[in-house]
Amino acid sequence: MSNVIKLEDIKKSYYIGQPNELEILHGISIEIKYGEFVSIVGQSGAGKSTLMNEIGILDRPTSGKYFLDGIDVSSAKDNELSFIRNQKIGFIFQTYNLIPQLTAQKNIEVPMLYARISRKEREKRSRKLLELVDMTERAKHLPSELSGGQKQRIAIARSIANNPAILLADEPTGALDSKTGRLVMDLFHKLHKEQNKTIILITHSPELAQETQRIITISDGRILSDERK
Ligand code: ADP
């Protein structure tokens, strides 16, 4: 199977050209295949968020190459990056990042709005996604009327709205109690098994990482180990 992600010697520095120039990622190379469920683990300060920003094209590397679903991201223009991001990556954050003024269903439709999908099609797809995450009864609720676990299920439904090549989840159970976190992890396993989604889980929890097929450990901006089960 071919790679959905290929990072080649990615380096990231801050304060470039200044006396306090600081290299955070020291040359990261990773290949991830379609349909893999991978976790990226490491202690606080190891560089996980910095790496997530690179994989999620939220930031550009100082040097190195990045291919995402066959696209050379490193040479894409700035105005192309947000389109690539919206089409190829579904983001899930610890703090859900739902829009407070929109209902659960409308939140799910946001990525489809950016992709200029018709209203009829948006409604059809968001209804299906609500069903998938078992939230049909809460379709008209605002985020403030949902529990943490329910908000995260809506965020996961939103993340797959445009059928992206990968899901990038940054500490998705970090704000949830263990029982609710379990339901969220079960949903990732379901998407992986039933829809063959490529999932990248960023976590500081070795226990959660153990549930995935492959564990990449980062320490001090380098890959310490990369183990497939
Ligand atoms: P993690 O997510 O594993 O906790 P981070 O990627 O947030 O680690 O941070 C890695 C290192 O990069 C830390 O030493 C942090 O202080 C530094 N760092 C992160 N962002 C910036 C920034 N914008 N400017 C300078 N240093 C940064």
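Visitor: What volume does the largest cavity have?

Guide: The largest cavity has about 70 Å³, a volume being the space filled by probe spheres set on grid points joined across faces, edges and corners. The model is predicted, so local features need pLDDT of at least 70 and side-chain atom pairs 80 or more, while totals for chains, interfaces and linings use all residues. Residues are numbered from 1 along each chain as its sequence is written, and side-chain values use heavy atoms, without hydrogens and water.

Visitor: Why is it called a cavity and not a pocket?

Guide: On a 1 Å grid over the protein atoms alone, a 1.4 Å probe fits in a cavity but cannot get out, whereas a pocket is open, with protein on both sides within 12 Å along at least five of seven lines. The structure holds one cavity of 30 Å³ or more.

Visitor: What makes E54 a lining residue of the largest cavity?

Guide: Lining residues have an atom within 4 Å of a point. E54 is in the lining with I57, D59, R60, P61, Y66, V73, S74 and L81, and three of the lining residues are charged (Asp, Glu, Lys or Arg).

Visitor: Which residues are closest to the centre of the largest pocket?

Guide: The largest pocket has a volume of about 470 Å³. Of its 18 lining residues, N86, I89, F91, P111 and Y114 are closest to the centre. α2 (78-88) is one of the elements giving two or more residues to this lining, and α2 gives the most, with four. Here a helix is a DSSP run of H or I of at least four residues, a strand a run of E of at least two, numbered from the N terminus.

Visitor: Which strand gives the most to the lining of the second largest pocket?

Guide: β9 does, with four residues. The second largest pocket has about 250 Å³, and among the residues nearest its centre are V41, P206 and T217.
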